[in-house]
Amino acid sequence: MGATRAVRPRPFGLGWWVVLVTLGGLLSLFAPAFGFLLAERLDTPPWLTYPTVALAGAVMGLVLGAAQAGALSGTAVAVPRAGWTLVTTAGAMVAWSVGMLPVTLEQLGEPLNLASRRVLAASLAGAVVLVTAVPALQWLLLRRVVRKAWLWIPLTVVAAATGLGVAWVARQVMDPATADGALTGSLAMAAVLALAFALVTGVGLRWLAGSPRRTN
């Protein structure tokens with residue numbers, strides 16, 4: 001039998017990334033939305049709403065992580081699918097857990113006292129964890145396949161901020177006068193957010209993919 005011919009990985013595909021990550025990002029947003037809706041409909045106490053939304057955030061990370069890993073699969077910068085999905089799930093759960101703390105404490109009658117230096121310092125540290133939890137954990141895997149992988153952390157933060165900003169602008173030009181209009185506007189805003197996030201991260205990742213650590 002002849003030697004098996006090695007299959008060369010394909011280059012990183014920006015278009016494929018944008019399609020998969022936009023769809024994954026859009027679908028993932030339904031998880032926390034459902035978590036909030038469920039807590040509201042059941043009128044759950046704050047101590048129960050908190051883990052409900054945090055777990056919904058984990059589902060969000062699961063869906064987004066799977067979409068991102070799928071977009072990278074088979075490329076020169078492919079990451080382990082299971083590992084990437086797992087760290088994205090964990091990072092999203094951490095981020096939502098931190099993000100829900102101020103609201104939960106206020107509902108429990110213990111609002112944050114930002115006049116206290118310790119509380120302010122803890123709040124700032126929490127904000128850093130909130131925006132970097134997902135990309136920082138993803139970096140642990142990405143650094144194995146690309147050089148300057150640390151840039152993925154600020155890149156993802158900028159992408160998220162860009163997506164939120166673009167979605168907010170889009171929301172201002174929509175007419176939410178009716179219930180149907182509000183629902184359509186929310187879906188459109190989520191789609192715009194997901195697309196903007198996918199585009200920014202995709203362009204950045206395409207640049208990072210130009211310096212792979214491994215060659216096959």
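Of the 216 residues of the chain, 35% count as buried, where buried denotes a relative accessible area under 20%, exposed one over 50% and partly exposed the range in between, computed with a 1.4 Å probe on protein chains only. The model is predicted, and for that reason local features need pLDDT of at least 70 and side-chain atom pairs count only at pLDDT 80 or more, whereas totals for chains, interfaces and linings use all residues. Residues are numbered from 1 along each chain as its sequence is written, and side-chain values use heavy atoms, with hydrogens and water left out.

The secondary structure comprises seven helices and zero strands, in the order α-α-α-α-α-α-α from the N terminus on; helices (H or I, at least four residues) and strands (E, at least two) are DSSP runs, numbered from the N terminus. Among contacts in the chain with a separation of 6 or more, 77% are accounted for by residues 24 or more positions apart, a contact being heavy atoms within 4.5 Å. The chain exposes about 12,500 Å², of which carbon and sulfur atoms supply 70%, the accessible areas coming from the Shrake-Rupley method with a 1.4 Å probe and, for residues, only the protein chains shown counting as cover.

The axes of helix α1 (residues 14-28) and helix α2 (residues 30-42) come within 5 Å and cross at roughly 5°, the axes being lines fitted to C-alpha atoms, for helices over the stretch in contact, with angles from 0 to 180 degrees between N-to-C directions. The two helices α1 and α2 are therefore roughly parallel to each other, a term applied to angles under 35 degrees, with over 145 counted as roughly antiparallel, 65 to 115 as roughly perpendicular and the rest as oblique. In this contact, Leu26, Leu27 and Ser28 of α1 meet Phe30, Ala31 and Pro32 of α2.

Gln138, which lies in helix α5 (residues 117-142), is buried, with a relative accessible area of 1%. Its side chain makes polar contacts with the side chain of Thr88, at 2.9 Å, and with the side chain of Trp152, at 2.8 Å; a polar contact is a pair of N or O atoms within 3.5 Å, of which, within protein, one must be able to donate a hydrogen and the other to accept it, residues adjacent in sequence counting only if both atoms are side-chain atoms. With residues up to four places away in sequence not counted, Gln138 touches Gln68, Trp84, Val87, Thr88 and Trp152.

Ala78, located in the loop between α3 (46-72) and α4 (81-107), counts as buried at 15% relative accessibility. Ala78 and Leu142 are 64 residues apart in sequence and 8.7 Å apart in space, C-alpha to C-alpha.
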